[in-house]
Amino acid sequence: MISNSKGVALITGAGQGIGRSIALRLAEDGFDLGLNDIPANKDKLSQLAVDIAGKHGGQRRTHVVPADVTVEDDVKIMMETVVKELGGLDVMVANAGIIRTAPLTETSVADWDAVLAVNVRGTFLCYKYAAQHMIPRRKGRIIGASSLAGKIGTPYLSAYSASKFAVRGLTQSAAVELGRFGITVNAYAPGGIQTDMLAELHTADVEWTKNEGGFYGMMESRAASGTLGKADDIASLVSYLASEEAHFITGQSISIDGGIHFD
Ligand code: NAP
């Protein structure tokens, strides 16, 4: 059978939320997929692989690669496994992220380190090892997860906000360095997207959003669209950034937030 695959994409944090939607969309677009999440979420990845097989009649190949993106050896092996099992790596989506909510004065070093480890070190490791595979092929798309909180300082989210600002710096630096190898590096910077992560923010015990209908209410009232976004909205942006025609976009952290304004 002649393969009609567009290439191989690896998505971290694909067990749920935005990562899961990106995987489903890139399968629709014709990519074979490496599906990553932490080992505890392996069943969610297996179910996702079944769902993709069900939708595409076995035309799309998937490989489940549970790994903790904060651990360098895990990321290195994850990348090598995907290249070996699926035949290459064309698109890296470093999506995995975590959040902690607390006033700055009560943010523990443990929470600070945990957030920075997943959101910054994990993204750095995914960019690093993806680039090692892509440079010899003079081709690739690297895509990270920033945030609205990576563009404006955000109360009660100091660690998270700092980590998402860092993703922007990493993304710009990597883009400049890797451009001559035909590799683009971009990030998505979502506003409020309906996932478990946002539910965690909505129920957080902080006074910030209490008079604004919680986090959901605040994001809705401050979005020009008047709505929260959906994980599929982010997946459609990733679909474009991963495509051949997006070759002239690099170093960008693209806001996708329904037009948030804080005036
Ligand atoms: P989510 O629903 O919490 O999903 C994130 C996934 O990543 C989870 O399955 C999580 O597992 C996994 N993960 C956590 N630590 C990991 C690690 N060390 N290695 C591999 N996987 C790990 O989050 P989401 O809302 O889909 O967000 C996806 C990305 O978009 C994140 O980077 C987030 O910061 C960013 N983002 C989201 C929003 C939003 O409104 N939802 C807005 C801006 C930016 P566990 O659940 O078991 O921890």
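This is a predicted model: local features need pLDDT of at least 70, side-chain atom pairs count only at pLDDT 80 or more; totals for chains, interfaces and linings use all residues.

I began with helix H1 (residues 17-29) and helix H2 (residues 42-56), whose axes come within 11 Å and cross at roughly 30 degrees. Angles under 35 degrees count as roughly parallel, so H1 is roughly parallel to H2. I also noted that H1 passes H2 in a right-handed crossing.

Next I checked who touches whom. On the H1 side I found Arg20, Ala23, Leu24, Ala27 and Glu28, and they meet Leu48, Asp51, Ile52, Lys55 and His56 in H2. Sorting the residues of this contact gave me five nonpolar, one polar and four charged.

Then I looked at H1 against helix H8 (residues 231-242). Their axes come within 8 Å and cross at roughly 50 degrees, which makes H1 oblique to H8. The crossing of H1 and H8 is right-handed. From H1, the residues in this contact are Gly17, Ile18, Ser21, Ile22, Arg25, Leu26 and Asp29. Their partners in H8 are Ala231, Asp232, Ile234, Ala235, Ser236, Val238, Ser239 and Ala242. My tally for the H1 and H8 contact is eight nonpolar, four polar and three charged.

On to another pair. The axes of helix H3 (residues 72-86) and H4 come within 10 Å and cross at roughly 35 degrees. I wrote down right-handed for the crossing of H3 and H4. In H3, I listed Glu72, Val75, Lys76, Met78, Met79, Glu80 and Val83, which meet Leu125, Cys126, Lys128, Tyr129, Ala130 and His133 in H4. The H3 and H4 contact divides into eight nonpolar, one polar and four charged residues.

While I was on H4, I asked myself: does its end-to-end span agree or disagree with 1.5 Å a residue? H4 covers residues 109-134, so its 26 residues should span 38 Å, and the end C-alpha atoms are 36 Å apart, which agrees. I also found a bend of about 35 degrees in H4, at Ala117.

Where does Arg138 sit? I found Arg138 in the loop between H4 and strand E5 (140-145). Its phi is near 55 degrees, a positive value in a residue other than glycine. I noted Tyr156 too, with phi near 65 degrees, again positive and again not a glycine. Tyr156 lies in the loop between E5 and helix H5 (158-178).

Key: Residues are numbered from 1 along each chain as its sequence is written. Side-chain values use heavy atoms; hydrogens and water are left out. Helices (H or I, at least four residues) and strands (E, at least two) are DSSP runs, numbered from the N terminus. The expected span of a helix is 1.5 Å times one less than its number of residues. The bend at a residue is the angle between axes fitted to the seven residues ending there and the seven starting there. Axes are lines fitted to C-alpha atoms, for helices over the stretch in contact, and angles run from 0 to 180 degrees between N-to-C directions. Angles under 35 degrees count as roughly parallel, over 145 as roughly antiparallel, 65 to 115 as roughly perpendicular and the rest as oblique. A crossing is left-handed if the near helix is turned anticlockwise from the far one by less than a right angle, and right-handed if clockwise. Contact means heavy atoms within 4.5 Å. Ala, Val, Leu, Ile, Met, Phe, Trp, Tyr, Cys and Pro count as nonpolar, Asp, Glu, Lys and Arg as charged, and the others, Gly among them, as polar.
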